[in-house]
Amino acid sequence: MQPEGPAQDGWGEGAAGLRPGDLIGRSFPLGDWGEPAERLHELYLWVERGALQTAAWYLADRVWKRRGARTLRTGAALGAVAGAALPLLDLTGVAAGMAAWGYLALLFAVACVAVDRFFGVTSGWIRDVATAQAVQRRLQVLQFDWASENVREVLGPAEGTASEAAERCLAVLRRFSEDVTELVRTETADWMVEFRTGGSAPMGIQSASAGAARQETGSAQGRFPLPPGAASRPNMPRQRPPEPR
């Protein structure tokens, strides 16, 4: 359902139900820090609403790309099948004079594949889905981190002073905002590379996640991995041969 009133920088009731437009910056909500708990809660809602709008923008952008990709892929498949079947039917005499239509069907299949690759319909659909899922995963992490901070404040005295607890909460929100901004920047960079090269570009979102996982695994095993078989074979120190007397 659409809200009756106009939106105000995505801030206010019903802002999450707006139809997503362009991804533009939002004005930072200013307020009085006389009540730090309420102020931090407002900032959390502002950050969460921005992430939801970003994910909604990518999910809405993928709709027409998904339809276009399925249409082009279906046309390519039907053209390839018709291009292979019609000449065979012409040779067997079942449908005489259909070989020329088979060649046209093959040309149609090639044209569908070329349009899909040149305009990046399927790759754009995949990028939109991957970016929206990545934003949603980070939003879940933020929600659990924020819940843990609230539980720490409720169950007992937090570590340090109240100002340190507020700075810790602000650090959580800032880190999450930077992560979402980096996701959008990576998706835009992938689109620019694909637009310049005219072909599919490696997805920086998945490669960044995989690189982080490999970095964590590599740091646990050591900075310089040993070659195969080096762990079972001891390295003896080299000794100089005795000098002739």
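**Helical architecture, cores and aromatic pairs**

Of the contacts in the chain (heavy atoms within 4.5 Å) between residues at least 6 apart in sequence, 64% join residues at least 24 apart. The model is predicted, so local features need pLDDT of at least 70 and side-chain atom pairs count only at pLDDT 80 or more, whereas totals for chains, interfaces and linings use all residues. Residues are numbered from 1 along each chain as its sequence is written, and side-chain values use heavy atoms, with hydrogens and water left out.

The chain contains 5 helices and 0 strands, in the order α-α-α-α-α. These elements are DSSP runs numbered from the N terminus, with at least four residues of H or I for a helix and at least two of E for a strand. Of its 245 residues, 28% count as buried; buried denotes under 20% relative accessible area, exposed over 50%, and partly exposed the range in between, with a 1.4 Å probe and protein chains only.

A nonpolar core is a set of buried Ala, Val, Leu, Ile, Met, Phe, Trp, Tyr and Cys residues joined through side-chain atoms within 4.5 Å. The largest has 19 residues, and those with the most contacts inside it are Val47, Leu142, Trp146, Leu173 and Phe176. Helices α1 (36-92), α3 (121-155) and α4 (162-197) each supply at least two residues of this core. Beyond its neighbours within four places in sequence, Val47 is in contact with Arg26, Leu142, Leu173, Phe176 and Ser177. A second, separate core of 5 residues includes Ala69, Leu72, Ala76 and Cys112.

Rings of Phe, Tyr and Trp (its six-membered ring) pair if their centres lie within 6.5 Å; planes under 30 degrees apart count as stacked, over 60 as edge-to-face and the rest as tilted. By this rule there are 3 aromatic pairs. One of them, Tyr44 with Trp146, is stacked because the ring centres are 5.1 Å apart and the planes lie at 10°. This pair links distant parts of the chain, with Tyr44 in helix α1 and Trp146 in helix α3, 102 residues apart. Tyr44 is buried at 9% relative accessible area, and Trp146 is buried at 7%. The pair of Trp57 and Tyr58 is edge-to-face, because the centres are 4.9 Å apart and the planes lie at 85°. Trp57 is partly exposed, with 22% relative accessibility, whereas Tyr58 is buried, with a relative accessible area of 1%.

Another tryptophan, Trp101, lies in helix α2 (residues 99-119) and counts as exposed, at 54% relative accessibility.
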